[in-house]
Amino acid sequence: MLINQFLLLGAVLFSIGVYGVLARRNGVLVLMSIELILNAVNINLIAFGAHHGTVAGQVFALFVIAVAAAEVGVGLAIVLLLYRNRQSIDLDEVSSMRG
Amino acid sequence: MIFAAELDVAQNVFFGLIAAMTIVGALRVVTTTNVVHAALWLVLVLAGVGANFLLLGAEFVGVTQVLVYIGAIIVLFLFGTMLTRAPIGSDDTVTSRQWWVGLVVALPLLAITGYVLIDQWGDDELINEGPQRTAEVSDSIFSTYLIPFEAIGLLLTAALVGAIVLARKE
């Protein structure tokens with residue numbers, strides 16, 4: 001197998017995730033797009049770890065998975081709080097800190 | 001040609017299938033107008049990424065991907081959807097009116113990263129194929145990476161406490 005097939009799959013997933021973060025305005029869907037980005041990074045970490053024959057890539061992928069779990073927990077709590085305060089999770093309406 | 005390896009035809013065929021499934025799923029995650037459908041398409045993407053981990057010989061991370069992502073994070077997303085009473089049916093307001101801005105950023109990003117990757121790695125074979133032992137991973141976590149591991153534990157605890165504090169009713 002070529003290393004590039006995994007790296008390019010990661011690049012495609014990353015770009016789709018970036019598109020989702022920018023184009024979505026529902027809070028939950030933005031968090032899902034961030035998950036796409038983190039998964040793309042994990043593919044790259046594991047591919048380079050396998051390429052160099054070390055387990056460092058796997059260890060860091062596990063760290064990324066743990067951080068992603070924490071991020072989703074806090075992110076969804078924030079979205080929930082947003083819904084409780086404004087009865088909407090439309091991110092375009094969250095503009096009270098606009099200068 | 002990028003799938004040009006001679007020896008491992010089966011792996012390349014399965015990689016092609018899994019990659020197609022993953023990309024279609026990811027596109028549906030960012031384009032569907034139904035929040036619950038987006039969560040279910042995300043399951044497909046996460047399973048495809050887990051299968052890629054298995055192809056790369058990282059069994060433990062693949063299993064963790066299924067347990068943590070598909071088992072726990074998707075359920076959290078579905079809870080978030082239900083608790084915020086997002087419209088369960090299809091809903092056009094989930095995508096921004098300026099969605100093309102995302103395309104303007106994402107397509108050049110894909111072009112640049114793709115060009116750089118092909119320029120740098122070309123047709124390089126993946127060396128050191130084959131599974132890496134889980135025992136080595138755990139040895140590494142508990143020796144070389146012990147301090148980052150403890151930091152991650154602290155971060156998870158802080159995040160869980162923070163999530164409870166945020167979501168609790170006064």
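At what angle do helix 3 of chain A and helix 6 of chain B pack, and how far apart are their axes? I'll start there. This is a predicted model, and the angle in it is about 15 degrees, with the axes 9 Å apart. Two packed helices are described by the angle between their axes and the distance between the axes. Because angles under 35 degrees count as roughly parallel, helix 3 of chain A is roughly parallel to helix 6 of chain B. The crossing of these two helices is left-handed.

Now the residues at that contact. From helix 3 of chain A they include A:Phe63, A:Val67, A:Val74, A:Leu81 and A:Arg84.

Helix 3 of chain A has another partner in chain B, namely helix 3 of that chain, residues 59–83. Here the angle is about 5 degrees and the axes are 10 Å apart. This pair is therefore roughly parallel too. Among the chain A residues in this contact are A:Gln58, A:Leu62, A:Ile65, A:Val72 and A:Tyr83. They belong to a set that meets B:Phe60, B:Thr64, B:Tyr69 and B:Phe77, among others, in helix 3 of chain B.

Next, a polar contact between the chains. A:Asn4 sits in helix 1 of chain A, residues 3–23. A polar atom of its side chain lies 3.1 Å from the backbone oxygen of B:Gly122. With a relative accessible area of 0%, A:Asn4 is buried.

On to charge. Side chains of opposite charge can pair when their charged atoms come close. How many salt bridges does the structure hold over all chains? The count is one. It joins the side chains of A:Asp90 and A:Arg25, at 3.6 Å from N to O. The two residues are 65 apart and link distant parts of the chain: A:Asp90 is in the segment after helix 3 of chain A, and A:Arg25 is in the loop between helix 1 and helix 2. A:Asp90 counts as buried because its relative accessibility is 14%, and A:Arg25 counts as buried at 9%.

Last, a backbone detail. Most residues other than glycine have a negative phi. A:Gln87 is not a glycine, yet its phi is positive, about 55 degrees. A:Gln87 is in the segment after helix 3 of chain A. Is A:Gln87 buried or exposed? Its relative accessible area is 55%, so A:Gln87 is exposed.

Methods: Residues numbered from 1 in each chain as written. Chains lettered and ligands numbered in written order. Predicted model: local features only at pLDDT ≥ 70, side-chain atom pairs only at ≥ 80, totals over all residues. Heavy atoms only, no water. Helix = DSSP H or I, 4+ residues; strand = E, 2+ residues; numbered from the N terminus. Buried < 20%, exposed > 50% of the residue type's maximum accessible area, 1.4 Å probe, protein only. Polar contact = N/O pair within 3.5 Å; in protein donor to acceptor, adjacent residues only side chain to side chain. Salt bridge = Lys/Arg side-chain N within 4 Å of Asp/Glu carboxyl O. Axes fitted to C-alpha atoms, helices over the stretch in contact; angles between N-to-C directions. Parallel < 35°, antiparallel > 145°, perpendicular 65-115°, else oblique. Left-handed = near helix turned anticlockwise from the far one by under 90°. Contact = heavy atoms within 4.5 Å.
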